[in-house]
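Me: Hi! I have a structure open and would like to talk it through with you. Could you walk me around?

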Amino acid sequence: MCPLNAATCLLLAALTVGSVKGVYSHGQAEPSISSSSSSSRGGHCEPIPAAMELCHGIEYTEMMRLPNLLGHESIGEVLQQASAWTPLVQERCHADTRKFLCSLFAPVCLDELDEPVRPCRSLCVQVRKGCSPVMAAFGFPWPDMLACGRFPEDNDLCIPPADPSQHVPAARHELKICDACKESEQNDNEIVEKYCKNDFALKIKVQEISYSNGDTMIVPETKSKTIYKLNGVTEKDLKKSVLWLKGGLQCLCDEMNDITAAYLVMGQKLDGNLIITSVKRWQKGQREFKRIARSIRKQKC
């Protein structure tokens, strides 16, 4: 169906790892760092992909070669799966959310170690405590793949949570509301005008939400779809199509924060893609929506 400030300190004691800060045994004082060029690194390291928005700003630049700690075996799979977690980072549910997730999707790579350094169990527990209520509000449980019991205790070599006394949060980048999701009072004429300007109008439930290249990709449930208008799009095309909310990773859409709800979506067909220009949560039984349904069914643009 969001990004936080990067957490502090990712560094391993006494290792020359360039800009990597703070992977260390729990309780150990953070050592000084001496720089080294990327050309001196071992063959098991590779750069974190620039397209991996989840890990933008993280305090290391190279990851272990795949598979990662979640079992992903291709960069394409990593980028696709990691993008789905960017909205959670944007929610700022915990200061270490980005650090925890990146340690799994793009594990920090160190020359002196052939295995990735895992997040400490305490890091997982703290992030879960802050973020699982946010995920639950969106209808998602804390996933089994992030079960904290699979991570090492803090007395092992692992990535610990930030020290609250030393952590200085970065200024939050306030996200704007997506244009398609802005709430506004509309009379029947305005609704009909918007209906006529668009190529499609659908009442849908959401089957899946994911992210690609900064855009939100919405897969509607085929059985729960009501078609009010299609212009240049056949019903057969719609069955295999997805809806796109352009720039969805860079804006908020509170109007569409419940994956179990139904929505009235309108939009246009651009370059073969169905682009959403308007989203409104469908409130079953409300007079407003009964009126909307009657108005657009009768309308001939």
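Me: Great. What should I know about the model and the numbering before we start?

Reply: This is a predicted model, where local features need pLDDT of at least 70 and side-chain atom pairs count only at pLDDT 80 or more, while totals for chains, interfaces and linings use all residues. Residues are numbered from 1 along each chain as its sequence is written, and side-chain values use heavy atoms, with hydrogens and water left out.

Me: How many helices and strands does the protein have?

Reply: There are seven helices and 12 strands. Both are DSSP runs numbered from the N terminus: H or I with at least four residues for helices, E with at least two for strands.

Me: And what share of the residues is buried?

Reply: 47% of the 301 residues. Buried means under 20% relative accessible area, exposed over 50% and partly exposed in between, using a 1.4 Å probe and protein chains only.

Me: Let's look at H4. Does its length agree with what a helix should span, or disagree?

Reply: It agrees, because the 17 residues of H4 (residues 121-137) should span 24 Å at 1.5 Å a residue, and the end C-alpha atoms are 24 Å apart. The expected span is 1.5 Å times one less than the number of residues.

Me: Where does H4 bend?

Reply: At Cys 131, by about 40°, with Pro 133 following within four residues. The bend is the angle between axes fitted to the seven residues ending there and the seven starting there.

Me: Which residues of H4 are buried, and what covers them?

Reply: The buried ones are Ser 122, Leu 123, Cys 124, Val 127, Cys 131, Val 134 and Met 135. Their cover includes helix H2 (86-90) and helix H3 (97-105), where contact means heavy atoms within 4.5 Å.

Me: Same question for H1, please.

Reply: In H1 (residues 75-83), Val 78, Ala 82 and Ser 83 are buried. These three cover an arc of only 115° around the axis, which puts them on the same side of H1. That arc is taken from the directions from the helix axis to the C-beta atoms. Among what covers the buried residues of H1 are H2, H3 and strand S6 (200-212).

Me: New topic: how many aromatic pairs are there?

Reply: Two. In one of them, the ring centres of Phe 100 and Phe 151 are 5.8 Å apart and the planes are at 90°, so this pair is edge-to-face. Rings of Phe, Tyr and Trp (its six-membered ring) pair if their centres lie within 6.5 Å; planes under 30 degrees apart count as stacked, over 60 as edge-to-face and the rest as tilted.

Me: Which parts does that Phe pair tie together?

Reply: Phe 100 is in helix H3 and Phe 151 in the loop between H4 and strand S4 (157-158), so the pair joins parts 51 residues apart in sequence. Phe 100 and Phe 151 are both buried.

Me: What about the other pair?

Reply: Tyr 228 and Trp 282 are stacked, at 6.4 Å centre to centre with 15° between the planes. Tyr 228 sits in strand S8 (residues 226-230) and Trp 282 in strand S12 (residues 273-282), 54 residues apart.

Me: Last one: which peptide bond is cis?

Reply: The bond from Leu 66 to Pro 67, with omega near 5°. Pro 67 lies in the loop between S3 and H1. Also, Arg 92, although not a glycine, has a positive phi of about 55°.
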